[in-house]
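Visitor: I would like to learn how to read a protein model, one feature at a time. Could you show me where to begin?

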Amino acid sequence: VQLLNGMLEKGKKEKHEEQVQFAAYKQFCDDTSVEKTRAIKEANEQIESLEALIGKCEATIEKRTKEIAQLDEDISVYEGDLKATTAVRKMEHNDYQATHKDYTESVDALTAAIAILKKQAYDRKQAASMLVQVKQDLIPPHAKRVLDAFLATTETAEDVGLDVSAPEANAYEFHSGGIIDMLEKLKDKFEDERSE
């Protein structure tokens, strides 16, 4: 009986130790289960939050992709416009250079013409030697002698008995003042147009 009592005591003791160990294990399992359940719940919430963020980012990516495509199209249009504008500018520049050169040449020519005309702006007196201006070989020798004899005569009004003689007419009277004025106005106009 003592042996049975010892065994009973030993069994109770082992049972108690086993119950304590089981309770500790059960407490560990309960704590772990609660902790894991909470972690799973937080992870699921984080997954939902990240999936929402992914959806939002995908929408943003789609929107930005469309904006990039539009900007690429705008860049292509602007580059085409730039090329066309550059070509037009080059043509206009060439036209301007040609026009400017033409005006400069015209102004220079007008300046030279005005200077030449202003040098000639005087009346030319008629002289006996200018009465006949013909090449030597066109006049026969006999006619030339007669002409020279006529021109050599220096009869004056007093020799003929006249007290008054007619004034000698100019061989050429300068009448180009209006042309000079017109050329100067044209020159001023060309200079104004050249500077525009």
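Predicted model: local features only at pLDDT ≥ 70, side-chain atom pairs only at ≥ 80, totals over all residues.

Visitor: What span should helix α1 have, and how far apart are its end C-alpha atoms?

Guide: The idea is to compare an expected span with the distance between the two ends. Helix α1 covers residues 2–119, which is 118 residues, and at 1.5 Å a residue it should span 176 Å. Its end C-alpha atoms lie 165 Å apart in the model, a value that agrees with the expectation.

Visitor: What share of the residues is buried, and which residues of α1 are among the buried ones?

Guide: To judge burial, one looks at the relative accessible area, and a residue counts as buried when this value is under 20%. Of the 196 residues in the protein, 6% are buried. In α1 the buried residues are Y103, S106, V107, L110 and I114.

Visitor: Which residues form the largest nonpolar core, and which elements give two or more residues to it?

Guide: For a core, one looks for buried nonpolar residues whose side chains are joined to one another. The largest nonpolar core in this model has 7 residues, namely Y103, V107, L110, I114, I180, L183 and F190. The elements that give two or more residues to this core are α1 and α4, the latter covering residues 177–195, and α1 gives the most, with 4 residues.

Visitor: Taking L183 as an example, which residues is it in contact with, apart from its neighbours within four places in sequence?

Guide: With those neighbours left aside, L183 is in contact with L110, A113, I114 and L117. For the protein as a whole, among contacts with a separation of 6 or more, 85% are between residues 24 or more positions apart.

Visitor: Let us turn to the surface. How much area does the protein expose, and which residues form a nonpolar patch there?

Guide: The protein exposes about 17100 Å², and carbon and sulfur atoms supply 58% of this area. A nonpolar patch on the surface is formed by L3, L4 and M7, which together have about 370 Å² of accessible area.

Visitor: Is L4 buried or exposed?

Guide: L4, which is found in helix α1, counts as exposed because its relative accessibility is 58%, and the cut-off for exposed is over 50%.

Visitor: How many salt bridges are found, and why might charged side chains pair?

Guide: Side chains of opposite charge can pair when their charged atoms come close. A search of the whole structure finds 4 salt bridges, and we can look at some of them in turn. The side chains of E42 and R38 meet at 3.1 Å, N to O, and these residues are separated by about one helical turn because they are 4 residues apart in helix α1. Both are partly exposed, E42 with a relative accessible area of 43% and R38 at 46% relative accessibility.

Visitor: What are the distance and the sequence separation for E62 and K66?

Guide: The salt bridge between E62 and K66 has an N to O distance of 3.8 Å, and these residues, too, are 4 residues apart in helix α1. E62 counts as partly exposed at 48% relative accessibility, whereas K66 counts as exposed at 56%.

Terms used
Residues numbered from 1 in each chain as written. Heavy atoms only, no water. Expected span 1.5 Å × (residues − 1). Buried < 20%, exposed > 50% of the residue type's maximum accessible area, 1.4 Å probe, protein only. Core = buried A, V, L, I, M, F, W, Y, C linked by side-chain atoms within 4.5 Å. Contact = heavy atoms within 4.5 Å. Patch = residues over 30% accessible without salt bridge, like charges linked within 9 Å, V, L, I, M, F, W, Y side chains within 5 Å. Areas by Shrake-Rupley, 256 points an atom, 1.4 Å probe, with all protein chains shown as cover.
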